[in-house]
Amino acid sequence: MKANRDEERLFPKSIKEVAELEKYYKKDITQLIDDLGRWTSIKQFTHSTCWIIGNGTSRKNLNLEKLTRFYKSNPTQKNKSFVIGCNYIYKEFQPDLIVAQDTKVLLKMVVDDVDIPVVAPLLKYNWARNSGGRNLRKFFCLRFPTYSMTRWNSGDLAIYMGALLGFKSLMLVGFDGGASSMYREDDGVSFVKQIETYRKINIIKNSFENLSINIYEDNLQKPSA
């Protein structure tokens with residue numbers, strides 16, 4: 001019997017703890033977290049907030065440093081948060097982790113000698129590793145063991161990455177969809193459908209227990225749907 005779209009999930013059942021993922025990822029997921037732990041504060045902050053920064057134009061005038069790194073109630077006090085960004089975000093802000101899958105973006109990252117850990121889907125990771133020339137310094141492979149995610153864009157995968165790493169609270173910024181982004185004018189080809197992003201958010205929420213996903217535009221008051 002075909003599952004209801006509202007019940008779609010990435011795994012046969014929803015995941016409570018990262019350890020359960022080993023059934024599908026074998027040791028890949030714990031190895032990824034261990035590797036990332038060498039370069040980021042991931043192990044310290046998994047019980048705190050994870051900000052996922054998309055590149056929608058709605059974040060144009062936001063100060064990402066103040067928004068994600070400091071407490072709202074006390075703007076001078078550092079907040080314990082972890083930030084995952086997408087693609088060219090490194091040009092203006094340093095997240096803890098970047099998710100990218102566009103060939104052009106990955107090549108540019110190599111040229112710019114990006115020192116932030118970068119995660120890419122398996123096919124793009126293998127392509128980058130075998131394309132010759134220099135590689136990114138901190139480059140990690142993201143696999144999809146039970147669900148086809150080849151049509152997911154970088155923003156969708158960044159949300160998935162936050163849940164995969166064990167965070168229970170994800171705050172989304174710049175996920176407004178459309179033909180343009182912070183780093184791309186409307187080229188008549190690229191287009192992110194917000195309705196599809198919301199569908200994937202629901203799939204991720206169905207896949208991980210006790211996961212809260214809020215969108216900054218709703219003042220972080222309610223889970224996105």
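User: Is Asp112 buried, partly exposed or exposed?
Analyst: Asp112 counts as partly exposed at 31% relative accessibility, where buried means under 20% relative accessible area, exposed over 50% and partly exposed in between, with a 1.4 Å probe and protein chains only. This is a predicted model, in which local features need pLDDT of at least 70 and side-chain atom pairs count only at pLDDT 80 or more, while totals for chains, interfaces and linings use all residues. Residues are numbered from 1 along each chain as its sequence is written, and side-chain values use heavy atoms, leaving out hydrogens and water.

User: Which side chain meets Asp112 in a salt bridge?
Analyst: That is Lys91, at 3.8 Å from N to O; a salt bridge here is a side-chain nitrogen of Lys or Arg within 4 Å of a carboxyl oxygen of Asp or Glu. Lys91 is itself partly exposed, with a relative accessible area of 47%.

User: How many salt bridges are there in the whole structure?
Analyst: A search finds 11, including one between Glu8 and Arg199, whose closest N and O atoms are 3.0 Å apart. Glu8 is buried, with a relative accessible area of 16%, whereas Arg199 is partly exposed at 22%.

User: New topic: what about aromatic pairs, how many are there?
Analyst: There are 5, counting rings of Phe, Tyr and Trp (its six-membered ring) whose centres lie within 6.5 Å, with planes under 30 degrees apart called stacked, over 60 edge-to-face and the rest tilted. One of them joins Phe11 and Phe208 edge-to-face, at 5.7 Å centre to centre and 90° between the planes, and both residues are buried.
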